[in-house]
Amino acid sequence: MTTLNDIHRALQNLIRIGQVFDVDLSLTPPSVRVRAGDLETDWIAWGAGRAGAVSMWAAPVIGETVLMLAPNGDTAGAIIVASLYSSEHPTLERSGDVIALHIDDGTVIRYDRAAHQLDATINGTANVNAKAINLTGPITIDGAVTMTETLNVKGDIASQADVTASGISLKGHTHGGVKGGPDMTGAPQ
């Protein structure tokens, strides 16, 4: 028999805000435990942004504030439907024009749609593997470039410094048997 207390507890548990206090990524599906007041859940799943032909992954962390939904007030079947900003994990952006991903190692991928600007700060290595990469627009590279394949150029190549190939300097190399002066009348033979 359902009592008034049972109904009250079920209503109280329908939607709860709590903090993740344990994470187990080896479970199927990966799951967390949430503490909401005096309630501690068993292992529950979290909602993914996408989990079909497109799949997104971002595991909750201990201390993350979450919104938990428990169908029929039964926390055994609860799921996390969203994360919420908190004093421990505050928002790092304040503009409605910015879409950003901040990772706790210092990596930030940020797009400002008002300025039409994408910025990426990667605290590590970036690897891009593609059948082809096409870049349109002026490109500035601040750092050394190493290539393992042939460089094909359809336009001019300009350098403000010397160019070397197999140890031979474009500026400093010499030619033997070259005769200078007024006898020079045409292109080298």
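Predicted model: local features only at pLDDT ≥ 70, side-chain atom pairs only at ≥ 80, totals over all residues.
Trainee: In which order do the strands of the open sheet stand?

Mentor: Strands here are DSSP runs of E of at least two residues, and helices are DSSP runs of H or I of at least four residues, both numbered from the N terminus. Two strands pair if DSSP finds at least two bridges between them. The open sheet has 6 strands with mixed pairing, in the order β3-β2-β1-β5-β6-β4.

Trainee: Which strands stand at the edges of that sheet, and why is one side of each left without a neighbour?

Mentor: Each edge strand has a single partner strand, so one side of it has no neighbour in the sheet. The strands in question are β3 (39-40) and β4 (45-46).

Trainee: How many bridges join β5 to β6?

Mentor: β5 also pairs with β1, the two running antiparallel and joined by 5 bridges. In that pairing Ile17 stands opposite Leu67, and Gln19 has Thr65 as its bridge partner. On the β6 side, Leu69 is partnered by Ile79. β5 and β6 run antiparallel, and the number of bridges joining them is 5.

Trainee: Which residues form the largest nonpolar core?

Mentor: A nonpolar core is a set of buried Ala, Val, Leu, Ile, Met, Phe, Trp, Tyr and Cys residues joined through side-chain atoms within 4.5 Å. Buried means under 20% relative accessible area, exposed over 50%, and partly exposed in between (1.4 Å probe, protein chains only). In soluble globular proteins, nonpolar side chains tend to be buried together. The largest core here has 11 residues: Val20, Val32, Val34, Leu39, Ile44, Trp46, Val66, Met68, Ala70, Ala78 and Ile80.

Trainee: Which strands each supply at least two residues of this core?

Mentor: The core includes Val32, Val34, Val66 and Met68. The strands that each supply at least two of its residues are β2 (31-36) and β5 (65-69).

Trainee: Which side chain of opposite charge is nearest to Arg16, and how far away is it?

Mentor: Arg16 lies in strand β1 (residues 15-24). Lys and Arg count as positive and Asp and Glu as negative, while His and the chain ends are not counted. A salt bridge needs a side-chain nitrogen of Lys or Arg within 4 Å of a carboxyl oxygen of Asp or Glu. Arg16 is buried yet has no salt bridge, and the nearest side chain of opposite charge is Asp38, at 4.2 Å.

Trainee: Which backbone oxygen lies 2.6 Å from a polar atom of the Arg16 side chain?

Mentor: Contact means heavy atoms within 4.5 Å. Not counting residues up to four places away in sequence, Arg16 touches Ala36, Gly37, Asp38, Leu39, Val66, Leu67 and Met68. The backbone oxygen at 2.6 Å belongs to Ala36.

Trainee: How many salt bridges does the structure hold?

Mentor: Side chains of opposite charge can pair when their charged atoms come close. One of the salt bridges joins Arg9 and Asp6 at 2.7 Å, N to O; both residues lie in helix α1 (residues 4-14), 3 residues apart, about one turn of the helix. The structure holds a total of 4.

Trainee: How far apart in sequence are the parts tied together by Glu93 and Arg110?

Mentor: Glu93 forms a salt bridge with Arg110, with the closest N and O atoms 3.1 Å apart. Glu93 lies in the loop between β6 (79-84) and β7 (98-102) and Arg110 in strand β8 (residues 108-112), so the pair ties together parts whose separation in sequence is 17 residues.

Trainee: Which residue takes a positive phi in the hairpin of β8 and β9?

Mentor: β8 and β9 pair in the antiparallel sense over 5 bridges, and Asp112 has Gln117 in β9 as its bridge partner. The hairpin has 4 residues between the strands, and the residue with a positive phi, near 55°, is His116.

Key. Residues numbered from 1 in each chain as written. Heavy atoms only, no water. Polar contact = N/O pair within 3.5 Å; in protein donor to acceptor, adjacent residues only side chain to side chain.
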